[in-house]
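Please keep the sequence and the 3D view at hand while reading.

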There are 2 protein chains.
Amino acid sequence: MHATVLHAPRDIRLDEVPDPQLRDDTDAIVRVVAACVCGSDLWPYRGVHPNPQPVRIGHEFVGIVEQVGAAVTTIRPGSFVIAPFMYSDNTCALCRHGVHTSCVNGGVWGRPDRHGVENDGAQGELVRVPQADGTLVATPQVPDAVMVAHLLTLSDVFPTGHHAAVSAGVTPGSNVVVVGDGAVGLSAVLAAKRLGAASVVAMSRHADRQELARRFGADHVVDERGRAGANQVKEIFDGIGADHVLECVGTKESMDQAMRSARPGGRIGYVGIPHDAVVDLPMMFGRNLGIAGGVAPVRAYVEELLPDVLDGTVTPGDVFDLTLPLDQVADGYRAMDERTAIKTMLRV
Amino acid sequence: MHATVLHAPRDIRLDEVPDPQLRDDTDAIVRVVAACVCGSDLWPYRGVHPNPQPVRIGHEFVGIVEQVGAAVTTIRPGSFVIAPFMYSDNTCALCRHGVHTSCVNGGVWGRPDRHGVENDGAQGELVRVPQADGTLVATPQVPDAVMVAHLLTLSDVFPTGHHAAVSAGVTPGSNVVVVGDGAVGLSAVLAAKRLGAASVVAMSRHADRQELARRFGADHVVDERGRAGANQVKEIFDGIGADHVLECVGTKESMDQAMRSARPGGRIGYVGIPHDAVVDLPMMFGRNLGIAGGVAPVRAYVEELLPDVLDGTVTPGDVFDLTLPLDQVADGYRAMDERTAIKTMLRV
């Protein structure tokens, strides 16, 4: 089969690799229908932490089940399935607490498991799925091409935006600021409105992203940053700032922006992978700010979000503004790296 | 009148100072019945941030109202009142959000206000109280000496423990770990049990504090620290750690202990003033830990906690294991500095 391999910084290729085989009786083999490129894929792509050898990549996919192991009981060949960006057994104590990302039997696509067994990346034709019953969520029927895009967002970006909103405590009537206008930030706007937020500010400087933020329900767009941006947010919200801030970037600047934009006693939901982000604990202490979030336990949210996707209440797949065949994966990375695309979908 | 003055590190004296006068028509003058020494008073006492000149000190007191300004409507001379450790108008947008510590007209005892006007410290005979209607909470009647001790804790230490529990999301049935066996940590044990926690672990190495923790309802005491302590906590809670951790110290070690003791997805309520405490954001991200808390908005909690104090449901004044007359204030500081006392009450 063909699968995407990162050979060196910015050297990404579709290579011929061996077809995956069932290994454990809890495995399934899924033929990928669509995958996508994540903002977090750009960090290895840019060589922030260079790999000594070529690595498989990609962690978001949907597809059709081809084979299942002997112990798989709920997932059936022929089903269309959504794969969260981490696999999990959905039965351990941590999964029962909704923290599937800490599953004792879990792992990540494209990286070795705890026994050193390599996992397939998602940007390929076939993926061996460990813990298939726990990991995969099947749809009632095989969707059409438009719906595939919306469903693909359930593997990561939409539930990650939702996790930011949930972690910040967004409920009906909330006022909310979203820091970050990437696909996750835009998804967070959509998620906050879906949860009933009364007023959502999207912080964005790019006309196309501002437009999508408004389409996803943003009530205000603030294009200033730093103190000026925070002051605009304060003006919008009673002169004191927002009750709920969704931090969807992970840099020092974005975390500062989030902290500045929150009112005293406010809550920050953060899902931007922290690269150089830090929190100023004494400042947080004095202003009674809280922060929660982290790597989104997508599996905990898929069943809640799926009906609203299937019935068209939300259209999270609108974040895809570039769709390419898998063999143009390198172009897909380049477009996101250069920010000419918000998010790239790969048709397999 | 006499008031406590910190002249230099460990040089604390009861000095003769001018009696306070009404200054604004929202002021009251309160004759202090009892005050106390806070763990946070020990930082200036130890000279961590030396003051260039002598300063008034103390921020916890109860007393009898002597005079009120012309605009004071709810507080009357002769009433027994509880003074939170910060004053506030109880009407501004931030007070209405329950963040009285960020009141736009608020301030701290013993420090100058925003206009440079000196405020009295609490460890003295009289205190001018700004924003008297917003700040002071009167009891239905003048309490006896035993009840005075319990009511005095409502000025800081008991609501601060309560704030840790609330910020960590403690509800009926919760499992909880308390890091810190000072007066705030012990109060946090009491507050968590009052909120219905099913199982509370107190981390303490001192027999007298362990005993008080158990009296306040702790179900388990762990006397190990670091990894060993966290492993004991994990064993107690399903092998994964606690849902709710109350951090009541503010050092690097205590914050690390709190983070290690939480299960993935857990919540940390922190009320220890951060001195060298830091949070490891990437670790928090990977484990989905949340942290909230800060300087406790005592005024927001007094009316909720007061009935349980008055009817004896809780006896938070048991944290006072040393009671001295005000003129022995220096001995009171020394006992807390040397940790021979958990908390010192000063009878005025």
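## Overall form of chain A

The structure is a predicted model. Chain A contains 12 helices and 18 strands. Its 348 residues would give a compact globule a radius of gyration near 20 Å, and chain A agrees with this, having 20 Å. Taken along the principal axes, the C-alpha atoms of chain A fill a box of roughly 60 × 40 × 40 Å.

Of the 348 residues of chain A, 58% count as buried.

## The three-stranded sheet of chain A

Chain A has an open sheet of three strands in the order β2-β1-β4, with antiparallel pairing. Its edge strands are β2 (11-16) and β4 (55-56) of chain A, each of which pairs on one side only. Strand β1 (residues 2-8) of chain A runs antiparallel to β2(A), and six bridges join the two. Within this sheet, Thr4(A) stands opposite Leu14(A) in β2(A).

Helix α12(A) lies across β1 and β2 of chain A and runs at about 155° to β2(A).

Leu324(A) stands opposite Leu346(A) in β18(A).

Strand β18 of chain A also takes part in covering another helix. In helix α4 (residues 145-152) of chain A, the buried residues are Ala149(A), His150(A), Leu151(A) and Leu152(A). The cover over the buried residues of α4(A) includes β3 (28-36), β5 (61-68), β6 (80-83), α11 (298-310) and β18 of chain A.

## The three-stranded sheet of chain B

Chain B has an open sheet of three strands in the order β2-β1-β4, with antiparallel pairing. Strands β2 (11-16) and β4 (55-56) of chain B stand at its edges with a single partner strand each, so one side of each has no neighbour in the sheet. Two bridges join strand β1 (residues 2-8) of chain B to β4(B), and these strands run antiparallel. Leu6(B) stands opposite Val55(B) in β4(B). Helix α12 (residues 329-337) of chain B packs on this sheet, touching β1 and β2 of chain B, and its direction makes about 155° with that of β2(B).

## Two residues in their surroundings

Leu42(A) is placed in helix α1 (residues 42-45) of chain A. Is this residue, Leu42(A), buried or partly exposed? Leu42(A) counts as partly exposed because it has 15 C-beta neighbours inside 10 Å, whereas a buried residue needs 20 or more. Not counting residues up to four places away in sequence, Leu42(A) touches Met336(A) and Asp337(A).

Ile29(B) lies in strand β3 (residues 28-36) of chain B. Ile29(B) counts as buried because it has 22 C-beta neighbours inside 10 Å. Not counting residues up to four places away in sequence, the residues that Ile29(B) touches are Pro20(B), Leu22(B), Glu66(B), Gln67(B), Leu126(B) and Arg128(B).

| Residue pair | Separation in sequence | C-alpha to C-alpha distance |
|---|---|---|
| Leu42(A) and Tyr333(A) | 291 residues | 7.4 Å |
| Ile29(B) and Pro77(B) | 48 residues | 8.9 Å |

## The contact between the chains

How many residues of chain B are in contact with chain A? There are 33 residues of chain B in contact with 33 residues of chain A. On the side of chain B that touches chain A, the elements giving two or more residues are α2 (93-96), β15 (262-270), α10 (281-287) and β16 (290-293) of chain B. Helix α10(B) supplies the largest share of that side, with six residues. The residues on the side of chain B that touches chain A divide into 19 nonpolar, 10 polar and four charged.

Notes. Residues are numbered from 1 along each chain as its sequence is written. Chains are lettered from A and ligands numbered from 1 in the order in which they are written. This is a predicted model: local features need pLDDT of at least 70, side-chain atom pairs count only at pLDDT 80 or more; totals for chains, interfaces and linings use all residues. Helices (H or I, at least four residues) and strands (E, at least two) are DSSP runs, numbered from the N terminus. The radius of gyration is taken over C-alpha atoms; the globule rule is 2.2 Å times the number of residues to the power 0.38. A residue is buried if 20 or more other C-beta atoms lie within 10 Å of its own, exposed if 12 or fewer, and partly exposed in between; C-beta atoms are placed from the backbone. Two residues are in contact if their C-beta atoms, placed from the backbone, lie within 7 Å. Ala, Val, Leu, Ile, Met, Phe, Trp, Tyr, Cys and Pro count as nonpolar, Asp, Glu, Lys and Arg as charged, and the others, Gly among them, as polar. Two strands pair if DSSP finds at least two bridges between them. Axes are lines fitted to C-alpha atoms, for helices over the stretch in contact, and angles run from 0 to 180 degrees between N-to-C directions.
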